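This briefing is meant to be read with the model open alongside it.

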Amino acid sequence: MIFSVHGGGGVSGSIYTHRKLFGHLAKAAGTRALLTEYRQAQHPVPLEDTTAAYRWLLAKGVDARHIAVVGDSLGGKLSISTLLRARELGLPTAAALMLISPWVDLTVSSETFETNRESEAFFYKEVVGALAAVYLGGADPKDPLASPLYADLRGLPPTYIQVGGDETLLGESLQFEENARKAGVDVQVEVFPGQLHTFHMAAGDSPESDDAIRKLAEWVRPKLGLA
């Protein structure tokens, strides 16, 4: 089972905008996907909703050892935070975590906001900063459940991060991978040259997107005990 959390910066996106992306991933992996909706409200409301959905899935009898959590952009952040919150609640963690261009640092301080500015198409520092301000609503941007870059990452499941080489969120993905490794997490990051934020949305129409999804599927299948 793939537990899927969509992105959208907290102001857009839904299970309908992302069902093609997660559908392609589920088909490639040979398993089902649960697309999770959450209220587009200020922190911590979205996290409360994704955590409730994760608890619901466990209550339905789905073994956590058969769950892989995946999220893109803000959904990537919520995917991590959901598992961190599950840890606080004493719930079992998932078998695997897949992050697509995750937005994990709401301080918007990565140097790649400047170094990749010319190659970025939309997510400039001022845009991401405005989205962060709306999402936080005055909360501390270093709250570990709002910005998991600053969280204690011990106990997270095996994690695979994919990020575009030309996107401004590249830096925080690399820093998150370093932090997770230091915390003892089995983690890897793959940078796709020339690609932008959540380029996987072009699945079915882009060979680069299809290749990335194939790699995610190949990585996650053994984590879920699939042939």
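The structure is a predicted model, in which local features need pLDDT of at least 70, side-chain atom pairs count only at pLDDT 80 or more, and totals for chains, interfaces and linings use all residues. Residues are numbered from 1 along each chain as its sequence is written, and side-chain values use heavy atoms, with hydrogens and water left out. Helices (H or I, at least four residues) and strands (E, at least two) are DSSP runs numbered from the N terminus.

**The sheet**

- Six strands form an open sheet in the order β2-β1-β3-β4-β5-β6 with parallel pairing, where two strands pair if DSSP finds at least two bridges between them.
- Because β2 (33-36) and β6 (187-192) stand at the edges with a single partner strand each, one side of each is left without a neighbour in the sheet.
- On average, and with direction ignored, neighbouring strands of this sheet are turned by 15 degrees against each other; axes are lines fitted to C-alpha atoms, for helices over the stretch in contact, and angles run from 0 to 180 degrees between N-to-C directions.
- Strand β3 (residues 68-72) pairs with strand β4 (residues 96-100) in the parallel sense over five bridges, and glycine 71 stands opposite leucine 99 in β4.

**Helices on the sheet**

- Helix α1 (residues 19-29) packs on the sheet and touches β1 (2-5), β2, β3 and β4, its direction making about 160 degrees with that of β1; contact means heavy atoms within 4.5 Å.
- Helix α7 (residues 207-223) lies across β3, β4, β5 (159-164) and β6, and runs at about 170 degrees to β4.

**The pair α1 and α7**

- The two helices pack at an angle of about 50 degrees with their axes 8 Å apart, which makes α1 oblique to α7 (angles under 35 degrees count as roughly parallel, over 145 as roughly antiparallel, 65 to 115 as roughly perpendicular and the rest as oblique).
- The crossing of α1 and α7 is right-handed, a crossing being left-handed if the near helix is turned anticlockwise from the far one by less than a right angle, and right-handed if clockwise.
- Leu21, His24, Leu25, Ala28 and Ala29 of α1 meet Ile213, Leu216, Ala217, Val220 and Arg221 of α7.

**The pair α2 and α3**

- The axes of helix α2 (residues 45-59) and helix α3 (residues 74-88) come within 9 Å and cross at roughly 65 degrees, which makes α2 roughly perpendicular to α3.
- The contact involves Pro46, Leu47, Thr50, Thr51 and Tyr54 of α2 together with Leu78, Ser81, Thr82, Leu83, Arg85 and Ala86 of α3.
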